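Here are my notes on the model you sent. Please read them with the structure open.

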Amino acid sequence: MSEIIISPSILSADFMNLEQEINDVKEAGADWIHIDVMDGHFVPNITIGVPVVKSIRKKTDMFLDTHLMIENPEKYIESFAKSGSDLITFHLEACRDEKHAKEVIQLIKSSGKKCGISIKPATEAIRTFRYLDDVDLVLIMTVEPGFGGQEFMHECAMKIPQIVEKAKKELIIQVDGGINNITAKICTSLGANSLVAGSYVYGSDDYRKRIDELKNRTWK
């Protein structure tokens with residue numbers, strides 16, 4: 001079985017001890033750190049912005065997987081790139097049309113960063129197809145974006161094989177929302193190769209055990 005990229009979401013971490021929380025999941029085997037950026041408009045919650053990403057970059061060499069759940073993403077690409085993000089993912093629903101989306105993709109790529117696109121639960125997989133050759137990652141949301149700890153929406157997982165069928169071999173297909181040892185197995189069996197997990201990892205007292213489960217090392 002191919003290696004699964006595990007990207008713990010700091011949305012579920014203890015922000016009073018964020019440096020330690022990041023170090024702990026790194027030590028436990030996490031591959032990336034997932035940073036959820038919400039603006040209170042595109043989604044009904046406000047989280048963190050550029051200053052926090054910049055501070056995180058100063059304290060870790062981990063790959064920073066920055067997920068923009070914001071309106072007008074083109075206005076903030078340069079700032080997040082300069083802050084130290086390694087991959088910047090934006091929502092297709094935040095774009096007016098295909099031309100707008102391609103402009104945002106080009107902004108990210110011209111900044112020297114990897115580029116991801118994301119879709120909400122109500123958006124069909126076909127919406128991603130025209131961009132698959134231009135991006136490094138597609139993020140499928142299996143909960144409504146905005147808050148952690150929601151229940152996994154099984155019907156959303158069926159977008160995974162639809163994208164796999166159209167994707168280039170090296171495309172990273174990431175799933176975010178309600179990920180645990182059971183839903184991770186569903187997603188990876190359908191073709192996902194990256195999992196975002198917040199409360200499942202950070203809500204545990206054994207980060208290594210949870211990350212091992214998500215990487216399929218302990219499944220029989």
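1. Basis. This is a predicted model, in which local features need pLDDT of at least 70 and side-chain atom pairs count only at pLDDT 80 or more, while totals for chains, interfaces and linings use all residues. Residues are numbered from 1 along each chain as its sequence is written, and side-chain values use heavy atoms, with hydrogens and water left out. Helices (H or I, at least four residues) and strands (E, at least two) are DSSP runs numbered from the N terminus.

2. Sheet. Eight strands form an open sheet with parallel pairing, in the order S1-S8-S7-S6-S5-S4-S3-S2; strands pair if DSSP finds at least two bridges between them. Strand S1 (5-8) and strand S2 (32-38) are the edge strands, each pairing on one side only. On average, neighbouring strands of this sheet are turned by 20 degrees against each other, direction ignored.

3. S2 pairs with strand S3 (residues 63-69) in the parallel sense, over seven bridges. Trp32 has Phe63 in S3 as its bridge partner.

4. H1 on H9. The axes of helix H1 (residues 18-27) and helix H9 (residues 207-214) come within 9 Å and cross at roughly 55 degrees. Axes are lines fitted to C-alpha atoms, for helices over the stretch in contact, and angles run from 0 to 180 degrees between N-to-C directions. H1 is therefore oblique to H9; under 35 degrees counts as roughly parallel, over 145 as roughly antiparallel, 65 to 115 as roughly perpendicular and the rest as oblique. The contact (heavy atoms within 4.5 Å) is made by Glu21, Asp24, Val25 and Glu27 of H1 and Tyr207, Arg208 and Ile211 of H9. These residues divide into three nonpolar, no polar and four charged, where Ala, Val, Leu, Ile, Met, Phe, Trp, Tyr, Cys and Pro count as nonpolar, Asp, Glu, Lys and Arg as charged, and the others, Gly among them, as polar.

5. H1 on H2. H1 and H2 pack at about 55 degrees with their axes 11 Å apart, so they are oblique to each other. Leu18, Glu19, Ile22 and Asn23 of H1 meet Val52, Ile56 and Lys59 of H2. By class, this contact has four nonpolar, one polar and two charged residues.

6. Salt bridge. Ten salt bridges are found in the whole structure, each a side-chain nitrogen of Lys or Arg within 4 Å of a carboxyl oxygen of Asp or Glu. One of them joins Arg57 and Asp86, with the closest N and O atoms 2.9 Å apart. Arg57 lies in helix H2 (residues 50-59) and Asp86 in the loop between helix H3 (77-83) and strand S4 (87-91), so the pair ties together parts 29 residues apart in sequence.
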